[in-house]
Every structure is written in structure tokens, then in C-alpha cells.
Amino acid sequence: MDAIITARGLGCQSGDRFLLKNVNWEIEEKSRWIILGMIGSGKTTLLSMLSGYQDYTHGELTWRGVDYRKQDILEIRRKMGFISNSYFDRIYQNESVMDLALAGLSGTLGLEETCITSAHVRKLKRLLDRVGLQDRLDASYSWLSKGERQNILILRALLAQPEVMVLDEPMTGLDVVMKHKMKRFVKGIADERRHTMLYVTHHFEEISPDLFDHCLLMRHGQVYRSGGVEDVINSEVISGFLQKPVKIDRMKDGYYHLSFKS
């Protein structure tokens with residue numbers, strides 16, 4: 001199967017520091033990737049570049065063989081359902097739920113009213129009702145809880161009917177009930193196999209080979225290793241990755257568990 005997104009020698013430099021360096025990655029259509037790395041490893045930077053919200057300074061990045069810089073970046077954003085609290089919390093503060101959610105239809109950060117129809121507003125209201133947030137339509141983004149923000153960003157992505165779902169540490173800051181709901185949402189995407197899925201985390205208990213086909217390990221802004229989930233998520237590879245002896249087991253629910261060896 002042909003790659004939907006290809007990165008070749010991809011890098012991002014800020015001043016004298018490389019946030020990402022020499023990333024080579026092919027993402028096939030309908031594949032399901034887990035991107036695993038510790039805090040500061042460059043995961044959010046990489047996905048914000050793939051989603052068209054941050055430029056790169058080195059290398060090549062293509063969508064179906066065509067360079068990102070030769071395409072309408074707003075169209076790339078519409079195809080990539082980017083769900084990232086760590087990114088959008090820096091962008092949005094006092095914007096209303098309606099404005100920021102509908103902005104996803106145009107791939108912009110602010111609402112472009114020319115592309116909005118009454119049908120779009122009705123669809124958003126139905127989605128809000130489905131997740132129990134019907135009374136948040138005019139609420140300020142900054143007023144919302146972590147879980148509510150996560151739901152709104154999911155709805156923002158879904159409104160644009162993306163080809164790729166990009167979930168950047170979606171469990172972070174959620175309570176136990178919201179984590180359960182998020183796991184069900186992710187499983188639903190995986191089971192449907194309608195989307196390519198990129199899922200970022202640094203928690204092994206969010207990873208299951210029943211949900212993900214491939215794994216990309218990130219360390220210090222570079223790719224440490226990539227391959228099939230079961231080839232990558234094992235005691236030997238992860239011990240080298242973390243530079244500490246660990247044991248990886250699968251729990252009864254199918255998810256991984258990491259323990260450190262004494």
C-alpha cells in the first residue's frame with residue numbers, strides 16, 4: 001500500500017537547538033500508529049508539523065507524494081484531525097466553543113464565517129448533545145475542564161471529516177471516567193478502520209497490539225526505532241530505549257504493563 005504521508009530527513013530547528021532531527025517515516029493509509037516517547041522527545045512538534053500547524057526547517061514532507069509546501073496548507077489541516085490539548089491550549093483562551101470548533105472546517109485557527117452554514121451549526125449542536133455538552137456552545141474555551149476541552153477538540157476534528165486522526169496524549173489530565181470514555185473512543189476508531197490513526201503517549205498502559213499496528217519510538221527529537229507493535233514493545237527494545245532494565249507484560253485487558261527491574 002502506498003504511503004499517505006512521507007517524511008525524509010525531516011527536522012525543525014529553533015535557534016541553535018533542534019526540536020526534531022533527521023526523521024524518516026512512512027505512514028500508510030488506514031495504518032494505526034502509536035508514537036511513544038518521554039516528555040520533551042519531540043512528539044507534539046512532529047505531529048503539529050504533519051498536521052500543518054508548524055513549519056519544518058529541514059528535509060521533506062509529502063502528502064500522497066506531493067510536497068506540503070506545494071499544497072494548500074489549510075486543506076492539509078482539514079485532512080488531519082489534530083487533537084492536542086498541549087498545542088491548542090496555547091492558542092485558545094477566550095474563544096467560544098462554537099467558534100473554535102467550526103474553525104476546523106476551514107483549517108484555520110479563527111472562524112471563517114464564509115464557509116459556515118446553518119447545517120454546520122446544527123451538526124455541531126447534535127455532536128455536543130451526544131457528549132453531554134449541549135450547554136457549552138457559547139462557553140469560553142478557557143472555562144472548560146480538561147475533559148471537556150478534549151471532547152471539543154475531538155468534535156472540531158470530526159466536523160471536518162478528516163482522513164487521519166491525530167491524538168496527542170489524549171488521556172493526559174483526564175479523570176478515571178473520562179479515561180474510560182477516551183479508551184472507548186480510540187477503540188471505536190481502531191475497529192472502524194476508516195481513518196489512519198496516529199496516537200501519541202508516554203504511557204504503556206494505553207497501548208495494545210489489538211488497537212495499533214505499528215510503533216514509532218522518539219527520543220531526543222529523533223526516531224529511536226520503528227516497526228510492528230509487538231516487534232518494538234518488548235522488554236529488550238524498551239530497556240534499551242529507556243536505558244533502564246524493564247519488563248513488559250500484557251495484561252488481561254490486552255494493554256501493556258511496564259515494570260522496572262530491581
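Arg-64 sits in the loop between strand S4 (58-63) and strand S5 (66-67), where helices (H or I, at least four residues) and strands (E, at least two) are DSSP runs numbered from the N terminus. Although Arg-64 is not a glycine, its phi is positive, at about 50 degrees. With a relative accessible area of 39%, Arg-64 is partly exposed, on a scale where buried means under 20% relative accessible area, exposed means over 50%, and partly exposed lies in between (1.4 Å probe, protein chains only).

The structure is a predicted model, in which local features need pLDDT of at least 70 and side-chain atom pairs count only at pLDDT 80 or more, while totals for chains, interfaces and linings use all residues. Residues are numbered from 1 along each chain as its sequence is written, and side-chain values use heavy atoms, with hydrogens and water left out.

**The chain as a whole**

- The chain contains 9 helices and 12 strands.
- Its radius of gyration is 18 Å, close to the 18 Å that the globule rule gives for 262 residues, so the chain is as compact as a globular protein of that length; the radius is taken over C-alpha atoms, and the rule is 2.2 Å times the number of residues to the power 0.38.
- Taken along the principal axes, the box filled by the C-alpha atoms of the chain is roughly 55 × 45 × 35 Å.
- Of the 262 residues in the chain, 50% are buried.
- Among contacts in the chain with a separation of 6 or more, 62% join residues 24 or more positions apart, a contact being heavy atoms within 4.5 Å.

**Surface and charge**

- The accessible surface of the chain comes to about 12,700 Å², and 47% of this belongs to carbon and sulfur atoms; such areas come from the Shrake-Rupley method with a 1.4 Å probe, and for residues only the protein chains shown count as cover.
- There are 36 positive and 34 negative side chains, and the centres of the two sets lie 2 Å apart; Lys and Arg count as positive and Asp and Glu as negative, without His and the chain ends, and each charge is placed at NZ of Lys, CZ of Arg, CG of Asp or CD of Glu.

**The nonpolar core**

- The largest nonpolar core has 85 residues, and those with the most contacts inside it are Trp-25, Leu-50, Leu-198, Ile-233 and Ile-238; such a core is a set of buried Ala, Val, Leu, Ile, Met, Phe, Trp, Tyr and Cys residues joined through side-chain atoms within 4.5 Å.
- Helix H6 (residues 146-159) supplies the largest share of this core, with 6 residues.
- In soluble globular proteins, nonpolar side chains tend to be buried together.
- Not counting residues up to four places away in sequence, Leu-198 touches a set of residues that includes Trp-25, Ile-27, Trp-33, Leu-50 and Val-164.

**Phe-204 and its surroundings**

- Phe-204 is found in the loop between strand S8 (196-201) and strand S9 (214-219), and at 5% relative accessibility this residue counts as buried.
- Leaving aside neighbours within four places in sequence, Phe-204 is in contact with Leu-36, Ile-233, Ile-238, Ile-248, Tyr-256 and Leu-258.
- Phe-204 and Met-251 are 47 residues apart in sequence, and their C-alpha atoms are 11 Å apart in space.

**Helix H1 and Ser-84**

- Helix H1 (residues 43-50) is mostly covered, with 8 of its 8 residues buried, and just after H1 Gly-52 takes a positive phi of about 85 degrees.
- Ser-84, in strand S6 (residues 80-84), is buried with a relative accessible area of 0%.
- Leaving aside neighbours within four places in sequence, Ser-84 is in contact with Thr-44, Leu-153 and Asp-168; of these, Thr-44 is one of the buried residues in H1.
- Ser-84 and Val-200 are 116 residues apart along the chain, and their C-alpha atoms are separated by 9.6 Å.

- Ala-101 has its place in helix H4 (residues 97-103) and, at 1% relative accessibility, counts as buried.
- Not counting residues up to four places away in sequence, Ala-101 touches Leu-124, Arg-156 and Leu-159.
- His-220, in the loop between S9 and strand S10 (222-228), has a positive phi of about 55 degrees although it is not a glycine, and is exposed, with a relative accessible area of 65%.
- Most residues other than glycine have a negative phi.
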